[in-house]
Amino acid sequence: MFPPGSLVMTAVVLLLGSAALAQAPNTKRWRRVERAVALSAGAGEPVQRLRLAPGVVTTVLLDSDAVLEGELPEALRGLFTRLDVTGSHLLLQPAVAIPAQGVPPLVLRFTDAAAPQRLVLELTTEANVVDSVVDVRRHPATVTQLEAELVALRERNALLEARLATARRPVPQPGLASAVFSGAIDPKGVLVKWMDDPASEAELKVRQLDSYRSGSWVALAVKLENPPGEAPWQPGIARLTALDSNGRPTGEAMELPLLLQEPRLRPGQSAIAVVQWPAPKRPPHAYALELWDTGRRRGARWARLQP
């Protein structure tokens with residue numbers, strides 16, 4: 001368990017536990033363990049054994065930002081449905097049990113100047129135990145740091161809950177039936193608009209942009225392409241900011257799930273991403289739109305759109 005007095009970290013574990021409850025039923029046989037790890041700069045290169053289980057999300061909390069050292073080994077690529085390093089968090093969700101032999105370690109390099117600089121994770125699967133949360137510390141965390149981590153995890157938990165709610169929805173019926181049942185199409189019909197507004201910034205190629213409006217919903221559909229040679233791109237959130245006629249924000253931005261038919265875009269692959277929101281009674285003059293991956297590192301942005 002976490003060190004005495006770490007009430008904030010206990011709350012973090014509770015937040016992450018709500019996402020773990022949504023795992024597939026066959027994961028209930030795994031006994032989930034939360035633990036803290038203290039790394040010492042004078043004890044040689046730290047190697048930690050990380051116990052993973054198929055379908056179970058394991059979260060590694062770090063005391064500072066880190067990145068993968070080099071490219072992800074080819075032997076690991078097919079083992080995971082999710083493997084994300086986002087700042088000070090590492091999220092892993094294996095698709096299968098980790099083989100007993102032939103699996104290289106996962107190496108992280110911290111971006112600050114503190115020691116040790118590297119963390120080597122030996123990946124394994126045990127019979128009935130899985131590490132659900134591992135808190136890795138190289139020096140004691142301050143209350144301010146823990147509170148900041150808690151805020152960040154609350155935001156991420158809210159985003160995960162929104163994505164889980166989308167995933168739990170019934171499989172849509174073919175044709176127009178699903179849209180009629182959901183109320184997306186009503187007697188007022190749907191207005192479709194092809195938009196030629198170029199992105200103001202983009203790390204992905206934008207092939208097409210369309211807007212859809214019904215009596216109840218507004219949606220933007222963007223055909224995105226991940227350029228060849230880039231890392232796989234996993235959809236995260238869309239940030240939508242209402243603007244007045246002078247281009248100034250009129251309120252707080254909305255953060256919405258970014259929906260993609262594919263789980264991620266491989267290098268050279270393209271797919272349509274959709275962001276939708278309830279149609280406002282008084283639409284703003286325009287919107288600013290940001291599309292981000294799970295780590296908010298790569299995406300596309302428009303300074304002004306009128307859907």
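Trainee: In strand 6, which residue is the bridge partner of Thr59?

Mentor: The model is a predicted one. Strand 3 (residues 58–62) and strand 6 run antiparallel and are joined by 4 bridges. Within this pairing, the partner of Thr59 in strand 6 is Leu91.

Trainee: Which residue stands opposite Leu91 when strand 5 is considered?

Mentor: Strand 5 (residues 80–86) is also antiparallel to strand 6, and 6 bridges join the two. The residue that stands opposite Leu91 in strand 6 is Asp84.

Trainee: Is strand 6 largely enclosed or largely open, and how many of its residues are buried?

Mentor: Strand 6 covers residues 89–94. It is largely enclosed by the rest of the structure, because the number of buried residues among its 6 is 5.

Trainee: In the hairpin of strand 5 and strand 6, which residue takes a positive phi?

Mentor: This hairpin has 2 residues between the strands. A positive phi near 65° is found there, and the residue that takes it is Gly87.

Trainee: Is Asp131 buried or exposed, and which residues are linked with it in a network of salt bridges?

Mentor: Asp131 has 0% relative accessibility and so counts as buried. The residues linked with Asp131 in the network are Arg35, Arg49, Arg51 and Glu126.

Trainee: Where do Glu69 and Arg118 lie, and how many residues apart are they?

Mentor: Their side chains meet in a salt bridge with an N to O distance of 2.7 Å. Glu69 is in the loop between strand 4 (66–68) and helix 2 (74–77), whereas Arg118 is in strand 8 (residues 118–124). The pair thus links distant parts of the chain, and the separation is 49 residues.

Trainee: Which two residues form the aromatic pair, and what is the angle between the planes?

Mentor: A search of the whole structure finds 1 aromatic pair. Its members are Trp277 and Tyr287, with 5.3 Å centre to centre. The arrangement is edge-to-face, and the angle between the planes is 70°.

Trainee: How many residues apart in sequence are the parts tied together by Trp277 and Tyr287?

Mentor: Both Trp277 and Tyr287 are buried. Trp277 lies in strand 17 (residues 270–278) and Tyr287 in strand 18 (residues 286–293), so the separation of the parts they tie together is 10 residues.

Trainee: Which are the edge strands of the open sheet of 5 strands?

Mentor: The order of this antiparallel sheet is 11-19-18-14-15. An edge strand here pairs on one side only, and this applies to strand 11 (201–202) and strand 15 (254–257).

Trainee: In strand 15, which residue is the bridge partner of Arg239?

Mentor: Strand 14 (residues 235–243) pairs with strand 15 in the antiparallel sense over 4 bridges. The bridge partner of Arg239 in strand 15 is Glu255.

Trainee: Which residues does a cis peptide bond join, and what is omega?

Mentor: Pro116 is found in the loop between strand 7 (106–110) and strand 8. The cis peptide bond joins Ala115 and Pro116, and omega is about -5°.

Methods: Residues numbered from 1 in each chain as written. Predicted model: local features only at pLDDT ≥ 70, side-chain atom pairs only at ≥ 80, totals over all residues. Heavy atoms only, no water. Phe/Tyr/Trp six-rings, centres within 6.5 Å; stacked < 30°, edge-to-face > 60°. Buried < 20%, exposed > 50% of the residue type's maximum accessible area, 1.4 Å probe, protein only. Pairing = 2+ DSSP bridges. Salt bridge = Lys/Arg side-chain N within 4 Å of Asp/Glu carboxyl O.
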